[in-house]
Amino acid sequence: MSYNNKTIKELHQLLLNKELSVVELTQSVLTDIEKREPVIDAFLSVNIDAALSQAAAIDARGVNPEVLTDGISIGVKDNIVTEGLETTAASKILGGWIPPYNATVADKLAENGLITIGKLNMDEFAMGGSGENSSVKPTKNAWNQTKVPGGSSSGSAASVASGEVRLSLGSDTGGSIRQPAAFNGIVGLKPTYGRVSRFGLIAFASSLDQIGPLTPTVEENAQLLNVISGFDKNDGTSSNIAVPDFTSKIGQDIKGMKIALPREYFGEGIDEKVKEQILAAAKHLEKLGAIVEEVSLPHSKYGVAVYYIIASSEASSNLQRFDGIRYGYRAQDINNLEELYVKSRSEGFGPEVQRRIMLGTFSLSAGSYDKHFKKAGQVRTLIINDFAKVFENYDLILGPTAPTPAWDLGARIDDPIAMYLADLLTIPVNLAGLPGISIPAGFVDGLPVGMQLIGKRYDEETIYQVASAFEATTDFHKHLPVIFGGTK
């Protein structure tokens, strides 16, 4: 019997009432994965023995009634370090690496009784927006297996949407939680930069990366954020701001709340049918009592260019550590040290990672630093200022999560510019360090469309308040893909 159609609150009650054991629940999750994985390809590894052992240990001590997530399974993106469990960032260069330590979020999962059921597929080193840049296999969209699932947290989104797991963790550097959440019709949140520790997250772009939750519902998303948030002395960018209960405003009305609708988020490049769905969602929020008004974020149009200079430059620096010497893939038949470096990196990194390393190295070079990297940093400040100005008068910003629904597998893999533009609407949020969520807001040609809500720094509660009000008065989140037992 499958239980992945039940919320974690419902599962918690079943466990407390002893209508279900943790071992039985875990085994049902493993069965769901076994059934659906040949079609979805969301997992890189499944932690069968360790998961069942942890489940048995929880049964032996008894489920903690004070810990909602005790005994619940979760999938973890493969760029989050897990002690004793292979972590590769979906790259050949890290194949076979077994970490000797946990990421801080992995420790927090264990402390709250969550069972890491396996590691989830992704674009290599989180570089990609379609899930096709994994060195192992492409993940498929839960709604239509001929479509991309989005990226880079492809497995994190598809595993939840297809009913393999109820909860997952992803990472978001330029939209890598929100865009695949939108493509798969689930809820995905990028927290405020510094809200969740990055210690043990394999770095792509250190000033942009953030770990966040992917779930079927808004409340479960907030509940999982409660688990993973908090200050960490091991992360120099971790915020020491107190962590609230992120569920505290769920269920409250939104009358009088002011929501901004940036005209730039509905301009050139945005699919007309997607616009219709999101404008209809904005009208729905007005019916619930919110005040929705058009605003301008004039520098957001430079977001993609700024992002690919800054992110690639930081990646160029961060990925220097993968050299074929200390750990990971090492080329064979080499004659000297330079050849070891060149061959190991050329054979170990995929084409998209190599492209970004080259772009970043160029941007940081002596002749280009001022012209590219420094200028990108200055424009980033203008983007931050645009958001700050809007938030002087508004509680939230609303728009589409992605310009289009999911596209065909293979359609953009040879067109990196088209792929990069898919993150047009999510990138500015990372550049400004703001929290943003994607929630289901409709369908276009049978594929899910996501609405993005952007909040003030450290104000995830208000995002959840509005998202839950929308969710409670619509049924988009109740539709399920065929693979999960739905009819769509």
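Predicted model: local features only at pLDDT ≥ 70, side-chain atom pairs only at ≥ 80, totals over all residues.
User: What order do the strands of the open sheet have?
Analyst: The order is E1-E3-E2-E4-E6-E5-E10-E11-E9-E7-E8, 11 strands with mixed pairing. Strands (E, at least two residues) and helices (H or I, at least four) are DSSP runs, numbered from the N terminus. Pairing takes at least two DSSP bridges between two strands.
User: Which are the edge strands?
Analyst: Strand E1 (43-46) and strand E8 (291-295), each of which pairs on one side only.
User: And how do E7 and E8 pair?
Analyst: In the parallel sense, over five bridges. Pro-262 stands opposite Val-295 in E8.
User: Helices now. Where does H8 lie?
Analyst: Helix H8 (residues 272-287) lies across E7, E8, E9, E10 and E11, at about 115° to E10. Angles run from 0 to 180 degrees between N-to-C directions, with axes fitted to C-alpha atoms, for helices over the stretch in contact.
User: At what angle do H11 and H12 cross?
Analyst: Roughly 105°, with the axes coming within 7 Å. The two helices are therefore roughly perpendicular, a label for 65 to 115 degrees; under 35 is roughly parallel, over 145 roughly antiparallel, the rest oblique.
User: Which residues make the contact?
Analyst: Phe-362, Ser-363 and Leu-364 of H11, with Tyr-369, His-372 and Phe-373 of H12. Contact means heavy atoms within 4.5 Å.

Definitions and conventions
Residues numbered from 1 in each chain as written. Heavy atoms only, no water.
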